[in-house]
Amino acid sequence: MDNQEFLDPNKALKLYDLDIFTLGKMADSIRQDYFGKKVFFNSNRHINPTNECADVCKFCGFSAHRKNPNAYTMNQEEILRIARDSIEAGALELHIVGAHNPKLNLEWYLELFKTLKANFPQIHIKALTAAEVNYLSVLSGKSYEEVLKLMAQSGVDSMPGGGAEIFDEKIRAFVCKGKVDSTNWLKIHKIWHSLGKKSNATMLFGHIESREHRIDHLLRLYYAQEDSGGFNAFIPLVYQKENNFLNVKNFPSGQEILKTIAIARILLPNIPHIKAYWATLGLNLAMVAQEFGADDIDGTIQREAIQSASGSKSANGILKDELIAQIKNAGFTPVERDSLYNEIRLY
């Protein structure tokens, strides 16, 4: 489907006025053209090295400086042990993101990545959001280019999409003041793509942003992808309302969430995959989202700390067999993939 008519923000916004079934049919048509009835997942482990953070994001329940009194910072031996246990349990990817902790400098992370690769050369390391790259750039006095090249040289294979939140700077000033701005978030990913590397993109929605802000965010990602072509997947993250300082009263309905996922599929034909991240949606809604343009559900996770700190039920991950069964029960074909969406096995 050609999205050209919807590059006009006003026309794109009118997609929200369509009934849920019409919108879902439009998005599902694109999804089926791309992937048929396949639903992708991977075997991954989330590792969050620290929750001690210099930033003051109002939506965050993970940071120890907000409503989470349990501050921690792992040492590299702990992370190595977790990685070994996770790989023995079947993980093919380590997803490493955390807080902006001034005690963990760029050299600490580079040493960590080198150590992980030396011990587990087969593992895919997906690490450091653009927000973390920006923070480490400031901390180290190195340019984005220097930081990203060092990451790649040290064993980072791809970047996650976190830290995007909502690109509108007025909203950012309220929900995540001090974090990387939208221009630099996009710039960091563009540089990463120029190194021949892939990344994901996210949008945090369902808090104080408007539909207009979501459309603006999606269209900026469309043009960024036209420019550099390195985004593998777009992940609409639903705001988690517990243990943070936003105090949002009007949480989005299931229909609003599904409409947003469907609109993402329609507006982003140049980003291959739309991920319905079960850690923020819940598994049931994530499965329904596969009928509304999504084709990916993330993975087993094993352990998850960031979303679960704000109320998500994702802390202990999910067994692969259960994930496969849920996908089959919903009438789809489970496809285990690697981190770059190469198919490993159809079930």
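Visitor: Which orientation do H5 and H6 have to each other?
Guide: The axes of H5 and H6 (lines fitted to C-alpha atoms over the stretch in contact, with angles from 0 to 180 degrees between N-to-C directions) come within 9 Å and cross at roughly 110 degrees. Angles of 65 to 115 degrees count as roughly perpendicular, those under 35 as roughly parallel, those over 145 as roughly antiparallel, and the rest as oblique. H5 and H6 are therefore roughly perpendicular.

Visitor: What kind of model is this?
Guide: Residues are numbered from 1 along each chain as its sequence is written, and side-chain values use heavy atoms, without hydrogens or water. Local features need pLDDT of at least 70, side-chain atom pairs count only at pLDDT 80 or more, and totals for chains, interfaces and linings use all residues, for this is a predicted model.

Visitor: Which orientation do H6 and H8 have to each other?
Guide: H6 spans residues 144-154, and its axis comes within 10 Å of that of H8, at a crossing angle of roughly 45 degrees. H6 and H8 are therefore oblique.

Visitor: How many nonpolar residues are in the contact of H6 with H8?
Guide: H6 contributes Tyr144, Glu145, Leu148, Met151 and Ala152, while H8 contributes Asn184, Lys187, Ile188, Ile191 and Trp192. By class, 1 of these residues is polar and 2 are charged, and the number of nonpolar ones is 7.

Visitor: Which orientation do H8 and H9 have to each other?
Guide: H8 covers residues 182-194 and H9 covers residues 211-228; their axes lie 10 Å apart at an angle of about 25 degrees. H8 and H9 are therefore roughly parallel.

Visitor: How many charged residues are in the contact of H8 with H9?
Guide: Ser182, Trp185, Leu186, Lys190 and His193 of H8 meet Arg220, Leu221, Ala224, Asp227 and Ser228 of H9. This contact has 4 nonpolar and 3 polar residues, and its charged residues number 3.

Visitor: Which helix gives the largest share of the lining of the second largest cavity?
Guide: A cavity is a set of points on a 1 Å grid over the protein atoms alone where a 1.4 Å probe fits but cannot get out, and lining residues have an atom within 4 Å of a point. Among the lining residues of the second largest cavity are Ala99, His100, Leu128, Glu132, Tyr135 and Leu136, and the lining has 6 nonpolar, 2 polar and 1 charged residues by class. The largest share, 3 residues, comes from the helix of residues 130-140, H5.

Methods:
Helix = DSSP H or I, 4+ residues; strand = E, 2+ residues; numbered from the N terminus. Contact = heavy atoms within 4.5 Å. Nonpolar A, V, L, I, M, F, W, Y, C, P; charged D, E, K, R; others polar. 1 Å grid on protein atoms, 1.4 Å probe; cavity = no way out; pocket = protein on both sides within 12 Å on 5 of 7 lines; lining within 4 Å.
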